[in-house]
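Trainee: Could we walk through this model together, one question at a time? I would like the cut-offs spelled out as we go.
Mentor: Happy to, so let us begin with the model itself.

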Amino acid sequence: MKLAYSSLACPGWTIEEAAEAAARYGYQAIEWRLADGETLEPDASLVVRRRLRQASSAYGIEIACLDSSCRVTQGTPEERAAVIEAGQRMLDMAAELGAPFLRVFGGALPTGTTRADMLAPTAQVLHTLGAYGAERDVTVLLETHDAWTKSEDVLNLTRAVALPTVKVLWDAHHTYRAGETPAQSLALLGDEIAYVHLKDSRLLNGKPGAWTYCLLNEGDMPLRTICTLLKQGGYDGYLSLEWEKKWHPEIEEPEVALPQALPYLRDLWRQV
């Protein structure tokens, strides 16, 4: 197991500051979502790409994953072609950086459609991207998110794709807050999981669906159970802290969250 963090945690830092902090705090890898505070998109400049690669290398930090904003569920052939083109450009960037993974979202179901309607066309988009990634030694990760949060739905989609270069990014927070226990998620997804996002939150006034993010081990996420089940199942990939400071500016600063999370996760993994 290796510990990483997503640069979503540090919207106020430069690329170089994010890489330096990863090394200083003891992370083995970084997941690039932001560069100089902005999301990485297919048109990222050659200068930005070079800085991502050089900063990671300079501080001895692996690039665990490149995160895209691609949403693979689209309602029309033209929209699907557009997301494939964007995804392929992001896969080229991942290969250039030496990242083994590219994260994509399933996205929302188009208005007037059902999950059954969208299963085959969405699987075709993922298959196209997975085949493109295979030629570049990059695996496409479908995150448990949006309309594709429930493990059964995600499993049905990855089975329809049936490519070894399309796997699952298990965001354990999303599935848990959608009503699944970690045991239920892992029983379904199992070996499909190639990457894990971790974070913590607490319910507000005990109301399902109303929660706020907090530092690890200060909320009610079953982090010990998650790590126990992952380890028992033989998982040895990245555990990545996704501290969503970019989207939730009210939460703790990265200078607090990043050094707090690493020893907690490292010790927890050893204990389980």
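Mentor: Rings of Phe, Tyr and Trp (its six-membered ring) pair if their centres lie within 6.5 Å, and planes under 30 degrees apart count as stacked, over 60 as edge-to-face and the rest as tilted. This is a predicted model, where local features need pLDDT of at least 70, side-chain atom pairs count only at pLDDT 80 or more, and totals for chains, interfaces and linings use all residues. Residues are numbered from 1 along each chain as its sequence is written, and side-chain values use heavy atoms, with hydrogens and water left out.

Trainee: How many aromatic pairs does that rule give?
Mentor: Applying the ring rule gives a count of four aromatic pairs. The rings of W211 and Y213 have centres 4.9 Å apart and planes at 55°, so this pair is tilted. There is also an aromatic cluster, formed by F101, Y195 and Y238. As for the number of pairs, the answer is four.

Trainee: Is Y213 buried or exposed?
Mentor: Buried means under 20% relative accessible area, exposed over 50%, and partly exposed in between (1.4 Å probe, protein chains only). W211 has 29% relative accessibility and counts as partly exposed. Y213 has a relative accessible area of 11%, so the class for Y213 is buried.

Trainee: Which ring does R115 lie over?
Mentor: A charge sits over a ring if NZ of Lys or CZ of Arg is within 6 Å of the ring centre and within 35 degrees of the ring normal. R24 lies over the face of Y25, at 4.8 Å from the ring centre. For R115, the distance to the ring centre is 5.3 Å, and the ring is that of W148.

Trainee: Which residues does D153 touch, not counting residues up to four places away in sequence?
Mentor: Contact means heavy atoms within 4.5 Å. D153 has its place in helix 5 and is buried, with a relative accessible area of 15%. With residues up to four places away left out, D153 touches R115, A147 and W148.

Trainee: What do the buried residues of helix 5 pack against?
Mentor: Helices (H or I, at least four residues) and strands (E, at least two) are DSSP runs, numbered from the N terminus. Helix 5 covers residues 151-161, and its buried residues are S151, D153, V154, L155, L157, T158 and V161. They pack against helix 4 (115-134), strand 7 (139-143), strand 8 (166-171), helix 6 (172-177) and helix 7 (182-189).

Trainee: Where is D36, which has a positive phi although it is not a glycine?
Mentor: The phi of D36 is about 55°. D36 is partly exposed, with a relative accessible area of 35%. Its place is in the loop between strand 3 (34-35) and strand 4 (38-39).

Trainee: Which residues is D171 in contact with, leaving aside its neighbours within four places in sequence?
Mentor: D171 is found in strand 8 and counts as buried at 0% relative accessibility. Beyond those neighbours, D171 is in contact with E143, T144, H197, K199 and E242.

Trainee: Which residues is S6 in contact with, again leaving aside its neighbours within four places in sequence?
Mentor: S6 lies in strand 1 (residues 2-6). At 0% relative accessibility, S6 counts as buried. Its contacts are E31, R33, D67, S240, L241 and E242.

Trainee: How many disulfides does the structure hold?
Mentor: A disulfide is a pair of cysteine sulfur atoms within 2.5 Å. The sulfur of C10 has its closest cysteine sulfur in C65, 15 Å away, too far for a bond. For C214, the closest cysteine sulfur is in C227, at 15 Å, also too far for a bond. The number of disulfides is zero.

Trainee: What is the radius of gyration of the protein chain?
Mentor: The secondary structure of the chain comes to nine helices and 12 strands. The globule rule, 2.2 Å times the number of residues to the power 0.38, goes with a radius taken over C-alpha atoms. For 272 residues the rule gives 19 Å, and the chain is close to that, so it is as compact as a globular protein of that length, with a radius of gyration of 18 Å.
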